[in-house]
Amino acid sequence: VKGIRRDLNVFMKKAEELHYIRQNPVTGTKIARPKKNLDEDEKQMVLSKGQVRQLLEFVAGMPEECHYSLMIDGSLRRGEVLGLSWSDVDWDNGSIKIRNNWVEGDEGVELTTPKSRTSVRVIKLTEHTMTLLKREYLRYKKTRMLNRDFHDSNRVVFKKNGEPPLPKSFYRNYKRILERAGLPAVSMHALRHTSITLQLEAGASLKSVSMRAGHASTQITSDIYSHSTHASDEHTVEILEDVLSGVG
């Protein structure tokens, strides 16, 4: 449907330029996005802690180790990690600022602002991920120095020529890696689901997880990840049980 709309937009835009029609009827239209919910079937579409380690061990030493660690550590969307620039990295404070989204739109691939105001956020990263980022930055500078035709895109995720990869290419490579690593063929968005799920099940507060993910409200996080928030409630009950059982 996206492809049909994109092609139709091109045709109608040309027809408008040639004065065959007064106005492009595609302008202003949107494709309705289905509301996603992590129901019983979708719960299986996240990776376990062991599978996350398996994935990262498989790509150890590769650029993808940094890319996937970023997505899991920061609960990032694909477009957010692809839109990340080196200028968005705060080396002193060990954090990144999410303010761009590299996506395929009607006019091709474009750098847009995140999907909502709350998606613009600063995320504190682990020392492990910051170390991987430093390694990638050195690779970026070395590649730029050795390649005369290098395009200085300033992107964290870059190809040999310096340009950012197409979102589809980035995704296809991810699927090939999953297959070679012997892991379930989960979507790339599953890395974000995995990150949020593991945080909640480990007992992280709903507020902090919601802010890290860039959700507009904690209610969104709670609705989508109700199975994880329930697990967190169970963990809280266990803690309280341990405290209260020692009273008296």
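Start by selecting Ser69, Ile72, Asp73, Thr126 and Thr129: of the 13 residues that line the second largest pocket, these lie nearest its centre. (A pocket here is an open set of points on a 1 Å grid over the protein atoms alone, where a 1.4 Å probe fits, with protein on both sides within 12 Å along at least five of seven lines; lining residues have an atom within 4 Å of a point.) This is a predicted model, with pLDDT of at least 70 needed for local features and 80 or more for side-chain atom pairs, while totals for chains, interfaces and linings use all residues. Numbering runs from 1 along each chain as its sequence is written, and side-chain values use heavy atoms, without hydrogens and water.

The space in this pocket is about 300 Å³. Colour the lining by class and you get 4 nonpolar, 7 polar and 2 charged residues. Next, show α2 (49-58), α3, α5 and α7 (189-201), as each gives the lining at least two residues; α7 has the largest share, with 4. (Helices are DSSP runs of H or I, at least four residues.)

Finally, pick out the contact (heavy atoms within 4.5 Å): Pro63, Glu65, Cys66, His67, Ser69, Leu70 and Asp73 on α3 meet His128, Thr129, Leu132, Leu133, Arg135, Glu136 and Arg139 on α5. By class, that is 5 nonpolar, 4 polar and 5 charged residues.

Note on methods:
Nonpolar A, V, L, I, M, F, W, Y, C, P; charged D, E, K, R; others polar. Points joined across faces, edges and corners; volume = space filled by probe spheres on them.
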